[in-house]
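Please work through the following exercises with the sequence and the coordinates at hand. Each task is followed by a solution in steps.

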Amino acid sequence: CGIHFLVPFPRSVPRHSPATCVQYRLVVRDVNTLQILHLYTCLDQIVHMEWSSDSLFILCAMYKRGLVQVWSLEQPDWYCKIDEGSIGLVSSRWSPDGRHILNTTEFHLRVTVWSLCTKAVSYIKYPKACQKGIDFSRDGCYMALAERRDCRDYVSVFVCDDWHLLRHFETETQDLAGVEWSPNGCVLAVWDSCLEYKVLLYSLDGRLLSTFSAYEWSLGIKSLAWSPSSQFLAIGSYDGKVRILNHITWKKVTEFDHPATINNTKAVVYKEVERKPVVGSADLSIQHHITMGSTLFNTQSKYEICPLPVQVPVVKPDLDRANPKVGVSSMAFSSDNRYLATKNDNMACVVWVWDMQRLGLLAVLEQTSAVRCFQWDPRRPRLALCTGNAKLYLWSPAGCVSVQVPAEGGFQVQSVTWHCSGDSLILLGKEQLCLCYMEVGEEEEEEDDDVK
Amino acid sequence: MPESSLEIKDTSCSSSRYRMSSLRQYSQSSVLPLPMTRNPYNMPTISAFCTEDNVSECISYINREVSSLGFPLLCTESNNGPELNLVDVLNNVYNLLQLHRRCLQTVEDIEVEQVKSNSNMDYLQLSNTRLKDQLELSKRENTGLLERERQLQLKVKSLHNCLKNEKEEVQKLQSIIASRATQYNHDMKRKEREFGKLKERLNQLLIDKKDKKQTFEVLNYVGRSDGKRSLWKTGKTEARHEGEMYKTLLNDYDSRHKDLLMENAELKKVLQQMKRDMVTILSPRKHSQSGEKHDDSLEQTSSEEDEVCDSSRESLELSCEHAREQLTNSIRQQWRRLKSHVERLDSQASLVGERANMNAIPKEVHEQEMDRLKLEIQQYKDFIHTQQQLLQQQLNSPCDDETASLLNDCYMQEEKERLKEDWKSFEEKRKNFEAERRNFTEAAIRLSHERKAFEEDRATWLKHQFLNLTPFGDQMKPQMSKSQSALSGWAESKVRPVSTPAKLNKSLSHTAFSTSRASPAKTPSTADLYRTHRLIPEKSPSTIHPKQDSSILRNGDIPAQLRHVNGGANC
């Protein structure tokens, strides 16, 4: 107790068990019992932590020192330390086979590929520093890397097996912002920075399949998401609209707008309503105050269905600043392709759920505070979201529920991550971690674990 | 004298005129038309006013007139009769002449005035018409100018709107530019910061001059996740990678192609179905239309049907452009015909509707019909109501026991009948059971007899064995085996009938243990009996033997049955 964290450290959550890091210690627990399985100590404060794909190794990166340490779960004595030296370290990640580590040096001078199997080291020059410069295909065979040389953007496709450069082609972008593979690994989506609305679709062998540009001049693409079947590509832009492209013609199928007034009769609008505990003015002894304090933190809330038309609270953003808080910043498809959840930044308290079969609005969830994170269950059409208070919100086509996290003190749920089986959830707070287990048909809460 | 006469004349000018006119009147009315002559003044002079006879009357009359004018009298009355005063007469004449002249003067003046005023009027009229024309002209000009003004105002308004739009667009573009500018500035600053850091780092490196190399420490190298060894990068591997890439792409294309083909086939089926439906919808309708159309349509429908048949035959070749076009064209055609047909129906319906509106009779008929139906409904309602009441009465009224019991019974009637049937079936079953039991007992009796026979046989055989311990034993062997099996059979057959209650007392001595266990006297189920009689095949692991005489049991079956029976007894 008593450790204050100056730098909020991320915790990456893997397939099997949650690992948490506390400054320079790495703690691995069992997902069902939360028992500590392993404890490792690193040389410096851990900034980034990542599990390997086969969950046998954990990578801990310390950017300040330029160090990466890798720990093995099978052999706790095994160690591996990568020191980037004076060249510095900006980001570190695993390759999909779980045996190579890709380190990006400071100033994005190069990407070094360290192998845990052989002594081979590969260097990739001119990586681009952008929103999403590296993406691995879902089957782990190919890696797409954005490059910039001579004021021009290129994309290199590597075979992850032996880091053989398969294709290298120039892209017709002004300032490439990101690359993303389609889930079937055959199409690469490349998009331009927000100053130009442009999405380019390349086939795996480097041919340009299509270009899509909705409009000119105004700020363009903010986020992009592939549907799990690779049928649809959703593009969220700064004008508050999501445009859906189909994979056959790469033309727009429809566009979803986020209006301030919802009139759509097929949509259900859920509004979170807080039930504040009534504070009697007479009895305000200290003890009462203390208990009142905890209950004040844990106000009950429930969802009410609002009759249409509904006005959604809109926050006018300051357009004088760069990267204004407008536009669709996060989108996620459900695993069965049927639903798309979106969030528009100037209506930060609202999550919109769209039905992809009907291509229309299905549900609107209006929360009391800004939505911080939402994620779909990897197995079922169930959406979990959090807004920074001590509650977990779940939506499914059957309905919507607000679950109180039974934690003491001010547990604020910052982010939500599902376990790959869809049976449990990890709620990450600032200093605490809470595991939530789902029963088939019902839900159960499991008490959290203090990471102190 | 002249002055006073002048004064008097002035005042009496008006009266003079009157007098003159009255004189004329007088002259005209009282005096017969006198011969009149004209003089240069165009004044009719009467020469025969005064004659010798009426001198005095004339004098008096003239006196009267003159006195009224204010002139001195012509003559004065004297004793000798009227006397004419010559001086007065001359004066009067002179006065009258003066008067006359003055009158003429005024007449002239007046005439001049009149002419003047006439010319004035003409002039005014002319100017009036001129001004009116001018006014007309100017009014027209005014309207024209108003029209122009209105048009110009409209133009101004539209230009205002354009200006507003342009301004808005300019503002929008300005805001876009502003946001782009902030974005650029932001990016520029970021890049500059990075550049600064780079410069610092470069400086640091140049100063330090000791380059911390990259190091890689690892306890031991790990195997690959898939367990294979890594390969050298050769041309072959590169080719392999290319091949794999193309394979992935091709697989993807293949699957998509398949999906699309399926979708296409579905859609084509749907289209053909639609076409067929449309043909069927249109063809019977056409019969009601005029003859020529009928013929046309028949031809068309027949051609359509041919087409349908053709297309179904060519369904395999529908991928070819021609057939596809054919299908879509035929569908479009059918659709057009359907549309026109529906439009025609619509117009007919509207016509009919109009006609109905125009005639009052159908409406009346409709209303009558409605009334009649309403009446019927009311009647039915009343009927139902009375029925309900009667029913209620029936239920509520205290009926006598018989009917009450009957009523009560009727609810149970169904159940009773069901029960009766069940009883019947049970009775039958019981009878069957009894028959079986009887059979069993008979069989058991027979068995006991046979057992006795066996025992006797055995006894004799044993006797023979004992007596004949000689090569004669060969002849006995088959008997031995038979009796062996018979022995075991007997042993088991003893156990078996334990379960039948009829044999309880007989086998009591031998099988006390099983009896006690079977004392709860559980009648074996029919299935068990059948099984033991091997009337139904046993599911035991032992071999199923064909049906045979119940008295002889094989060794193979016994253990299972014994097990079964014992198990049954034990539970």
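The exercises below concern a predicted model.

**Exercise 1.** Determine how strand β20 of chain A is paired and whether its residues are buried or exposed.

*Solution.* Step 1: β20(A) spans residues 221-226, and six of its six residues are buried, where buried denotes under 20% relative accessible area. Step 2: β20(A) is joined by five bridges to strand β21 (residues 232-237) of chain A, and the two run antiparallel. Step 3: the two strands make up a hairpin with five residues between them. Within the turn, Ser230(A) has a positive phi of about 65°. Step 4: across the pair, Ile235(A) in β21(A) is the residue opposite Leu224(A).

**Exercise 2.** Identify the residues that touch the most other members of the largest nonpolar core.

*Solution.* Step 1: this core holds 35 residues, and Leu201(A), Leu233(A) and Ile235(A) touch the most other members. Step 2: strand β17 (residues 187-192) of chain A supplies the largest share, five residues. Step 3: another core, of 23 residues, lies apart from it and includes Val242(A) and Phe333(A). Step 4: leaving aside residues up to four places away in sequence, the contacts of Ile235(A) include Phe212(A), Ile221(A), Leu224(A), Val242(A) and Met331(A).

**Exercise 3.** Compare the UniProt annotation of residues 181-208 of chain B with the secondary structure of that span.

*Solution.* Step 1: an unreviewed UniProt entry places a "coiled-coil region" at these residues. Step 2: in the model, residues 181-208 of chain B are 100% helix and 0% strand. Step 3: the end C-alpha atoms of this span lie 39 Å apart.

Notes: Residues are numbered from 1 along each chain as its sequence is written. Chains are lettered from A and ligands numbered from 1 in the order in which they are written. This is a predicted model: local features need pLDDT of at least 70, side-chain atom pairs count only at pLDDT 80 or more; totals for chains, interfaces and linings use all residues. Side-chain values use heavy atoms; hydrogens and water are left out. UniProt positions are given in the numbering used here, feature names are shortened, and annotations may be inferred rather than shown by experiment. Helices (H or I, at least four residues) and strands (E, at least two) are DSSP runs, numbered from the N terminus. A nonpolar core is a set of buried Ala, Val, Leu, Ile, Met, Phe, Trp, Tyr and Cys residues joined through side-chain atoms within 4.5 Å. Buried means under 20% relative accessible area, exposed over 50%, partly exposed in between (1.4 Å probe, protein chains only). Contact means heavy atoms within 4.5 Å. Two strands pair if DSSP finds at least two bridges between them.
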